[in-house]
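Below is a short briefing on selected side-chain contacts and a metal site. It is meant to be read alongside the coordinates.

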Amino acid sequence: MKVIRVVTPNSIKIENDPMPKIEAKDDVILKVKSAGICGSDVSIFGGTSPVATYPRVIGHEFAGEIIELGEDVQNLKIGDHVTTNPVFNCGVCRICQKGRGNVCANLKVMGVHLDGGYREYVKVPSKNIFKLDPTLSWEKAAVIEAYTVAAQVVDRGGIEKDDIVLICGSGQIALTILQVCNIIGAKCIMTDIIEDRLKKATEFGAAHVINSKNEDVVSKVKELTNGIGADVAIDAACVGVSLKQAALGVRPAGVVVTMGFHDAVAQISEFTITSRELDIRGSRLNNNKFPEIIKWFQEDKLDPTKIITHHFHFTDIEKAFAQIKKDPENTMKIILDFD
Ligand code: MN
């Protein structure tokens, strides 16, 4: 079977691997049908991921059809359409015991620390498998994981109906967060330095957009919120200055959520945090967010096709990465097709 392997940074190969075999009694083997490309796949390829190890079959956003099951697997059968939670936790460390398995002390993520989904067949333990309605398209199934990341951010922010949310950045991930905020009934103020992205944010339902190249984000947010600030601010731009804007744009007793892996340093004084009792919270991967997102997709409450801009056959992975490099402004989610 064909696999996409990043052998070393900047070297990607389509290789032939042996077919996976059922070993544990709860193993499930799927034939991959579709996968999404994430910014983190690009950074593993480029060698800038602070967590990945090599060589690595990348891909953590994927869906497929079950072709084989271990003898202990219940509630799943051959032919089921499924997606995979790529987050593996030990379940026994103090962090898992606190219910925070997505930051487990022994965390392993498919496509990052373990081989991932960019291959024709994948073996996954059944506890990481989620069944899908067969009427859900494979392209939608491929982006479920990306929306679980957005749901995690919204959960970490404690975002509620009628909250005013400042989202710094209007890229692909920011737009998925906006869509989840819209479902909850929160109002979003979005920023970016690229006018086309702000246009897109407006199309996706942002209440206000701010071009941070021409306008001062913090004073504009204050102006839009009776001088108080946003209830929650999310740094989805992750460029250092955006975290400062988030911390200054949020109201007293507000929540700031970070989600970047960038090492850009943000200069926030202790006074900014203490004097207004801010909560600064990281958000990583997802913690039990698959059922909710799958439900929203299947009820058509959330339309993920709006973020999908391109399709490539999986063997054209290098062309897909070249597309991201060539036109990052207009390339949002790329789907890899396996048939
Ligand atoms: Mn992702």
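Tyrosine 147 counts as buried because its relative accessibility is 0% (buried means under 20% relative accessible area, exposed over 50%, partly exposed in between, with a 1.4 Å probe and protein chains only). This is a predicted model, in which local features need pLDDT of at least 70 and side-chain atom pairs count only at pLDDT 80 or more, while totals for chains, interfaces and linings use all residues. Residues are numbered from 1 along each chain as its sequence is written, and side-chain values use heavy atoms, with hydrogens and water left out.

**Aromatic pairs**

- The structure holds 4 aromatic pairs (ring centres of Phe, Tyr or the six-membered ring of Trp within 6.5 Å; planes under 30 degrees apart are stacked, over 60 edge-to-face, the rest tilted).
- One of them is stacked: the rings of phenylalanine 130 and phenylalanine 290 have centres 5.0 Å apart and planes at 15°.
- Phenylalanine 130 is partly exposed at 21%, and phenylalanine 290 is buried at 0%.
- Tyrosine 147 and phenylalanine 297 form an edge-to-face pair, with 5.4 Å centre to centre and 75° between the planes.
- Phenylalanine 297 is buried, with a relative accessible area of 1%.

**Manganese site**

- The protein donors of the manganese ion are Cys38 (SG), His60 (NE2) and Glu61 (OE), at 2.2 to 2.6 Å (donors are N, O and S atoms within 2.8 Å of the metal, or 3.2 Å for Na, K and Ca; water is not among the atoms, so sites may look incomplete).
- The donor residues are spaced C-x21-H-E in sequence.
- Cysteine 38 is buried at 15% relative accessibility, and histidine 60 is buried at 5%.
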